[in-house]
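User: Please walk me through the labels used here, with the cut-off behind each one. Let's start with how accessibility is put into classes.

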Amino acid sequence: MKMKRVLAALVAGVMALSLVACGSSASNSNNAEPSKNPITAFSASYGETMDDTIFINIFPAETEGKFMLDYNSAAEMSKGTVDEALLNNLTALYEKSELATLNEKNEYGDGEASASMSLEFADGSMFSCAFGGEIPELFVTNFKAMDEAVKSAMETMEPYRAEVPFSDDVNADAKAELESIFAHLSNLALENNAAANLPSDDENYAYSTGIEANADIASTTVVQNMMGTLAHSMVLFQLNDGADADALQNTLMENADWRKWVCVAPDVALTAAKGNNVLFVMTLSDIQAELVPALEAEGWTITATAENPDAM
């Protein structure tokens, strides 16, 4: 799926930065008991190629005793909260292994394989290592054991739902409509999104919506990814009484700008209607598969869909 490839690429970029820093010195209390010095943050990756690389990130959540878990691979993307049991399991696995011996042996050679691990402990000490090309069997064996512990925890982890911030100028009706849709969506569709009112005289109105402002439109709310690397946007039009909703939807589909993001491209566009509201979405097929039933559950009617002609 394109969404998975895009997000995996983003995570890969973050991990690449950590690889650069992994050569720095690190202290480690390898003989400490897990109950006294547990892991409090965990970041690791391993794969023979980019397509099969697994990325794992665990870090403290806002709620005390809870930790955010990000798991990304070519086949799976999950995010949620887990308790400290997973971190204690990882601590025990780490301390039973001899991973600390790799601390000063960061190596890079030929080949696509890459691996990295960065751990932070409750006492502030850290462990890190990174490899490219030939990956030590010690690392591979222990990463796989840790991966299994993470997968086991994922079976009971609490789903995480990103909150979409709304600017103060978004009216209550628009906010209520959008939030009712968001309630059905996973965090992946909402991550890094924000909702804002778009005045009719805004110089970016046509770019953001695909049409020129007109007297039929009472207000316009745009929800889009703020990172600029995900081809996804939702535009909610609240129409004045007597407005021609069908004409608006036809115009939106006819003027869909499939290349507006330049470096990334959406898979699909769709319009939906509910009362005096019209929704225009350009997004990836992963999000569309989740969005359509979410809209229908909230009483929206999908009126038109189109696939990106440049992708055919």
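Analyst: Happy to! Buried means under 20% relative accessible area, exposed means over 50%, and partly exposed is what lies in between, with a 1.4 Å probe and protein chains only. This is a predicted model, so local features need pLDDT of at least 70 and side-chain atom pairs count only at pLDDT 80 or more, while totals for chains, interfaces and linings use all residues. Residues are numbered from 1 along each chain as its sequence is written, and side-chain values use heavy atoms, leaving out hydrogens and water.

User: Why is Lys151 called partly exposed?

Analyst: Its relative accessible area is 33%. That value lies between the limits of 20% and 50%, so Lys151 is partly exposed. Asp147 has 5%, which is under 20%, so Asp147 is buried.

User: What makes Lys151 and Asp147 a salt bridge?

Analyst: A salt bridge is a side-chain nitrogen of Lys or Arg within 4 Å of a carboxyl oxygen of Asp or Glu. Here the N to O distance is 3.5 Å, so the pair meets the rule. Lys151 and Asp147 are four residues apart in helix α3 (residues 137–154), and are therefore separated by about one helical turn.

User: How do you know what counts as a helix or a strand?

Analyst: Both are DSSP runs numbered from the N terminus: helices are H or I with at least four residues, and strands are E with at least two. On that basis the protein has eight helices and 14 strands.

User: How many salt bridges does the structure hold?

Analyst: There are five. One of them pairs Lys66 with Glu158, whose closest N and O atoms are 2.9 Å apart. This pair links distant parts of the chain: Lys66 is in strand β3 (residues 66–72) and Glu158 in strand β8 (residues 158–159), 92 residues apart. Lys66 has a relative accessible area of 25% and Glu158 has 40%, so both are partly exposed.

User: And what makes Lys79 and Glu191 a salt bridge?

Analyst: Their closest N and O atoms are 3.2 Å apart, which is within 4 Å, so this pair qualifies too. The pair links distant parts of the chain, 112 residues apart, with Lys79 in strand β4 (residues 77–83) and Glu191 in the loop between α5 (187–190) and β9. Lys79 is buried at 15%, whereas Glu191 is partly exposed at 23%.

User: Which polar atom lies 3.1 Å from the side chain of Asn225?

Analyst: The backbone oxygen of Glu191 lies 3.1 Å from a polar atom of the Asn225 side chain. A polar contact is a pair of N or O atoms within 3.5 Å; within protein, one must be able to donate a hydrogen and the other to accept it, and residues adjacent in sequence count only if both atoms are side-chain atoms. Asn225 lies in strand β10 (residues 217–225) and is buried, with a relative accessible area of 9%.

User: Which residues does Asn225 touch?

Analyst: Contact means heavy atoms within 4.5 Å. Not counting residues up to four places away in sequence, Asn225 touches Glu191, Asn192, Asn193, Leu230 and His232.

User: How many cavities are there by this rule?

Analyst: The count is one cavity of 30 Å³ or more. A cavity is a set of points on a 1 Å grid, over the protein atoms alone, where a 1.4 Å probe fits but cannot get out, and lining residues have an atom within 4 Å of a point. Points are joined across faces, edges and corners, and the volume is the space filled by probe spheres set on them. The largest cavity has a volume of about 50 Å³.

User: What lines the largest cavity?

Analyst: Among the lining residues are Tyr207, Ser208, Ser233, Lys260 and Met282. Helix α6 gives the most to the lining, with three residues.

User: Why is Lys260 called buried?

Analyst: Its relative accessibility is 7%, which is under 20%, so Lys260 is buried. Lys260 sits in the loop between α7 (245–254) and β12 (268–274). Leaving aside neighbours within four places in sequence, Lys260 is in contact with Tyr207, Ser208, Ser233 and Met282. Lys260 and Ser208 are 52 residues apart in sequence and 8.8 Å apart in space, C-alpha to C-alpha.

Methods
On a 1 Å grid over the protein atoms alone, a cavity is a set of points where a 1.4 Å probe fits but cannot get out, and a pocket is an open set with protein on both sides within 12 Å along at least five of seven lines; lining residues have an atom within 4 Å of a point.
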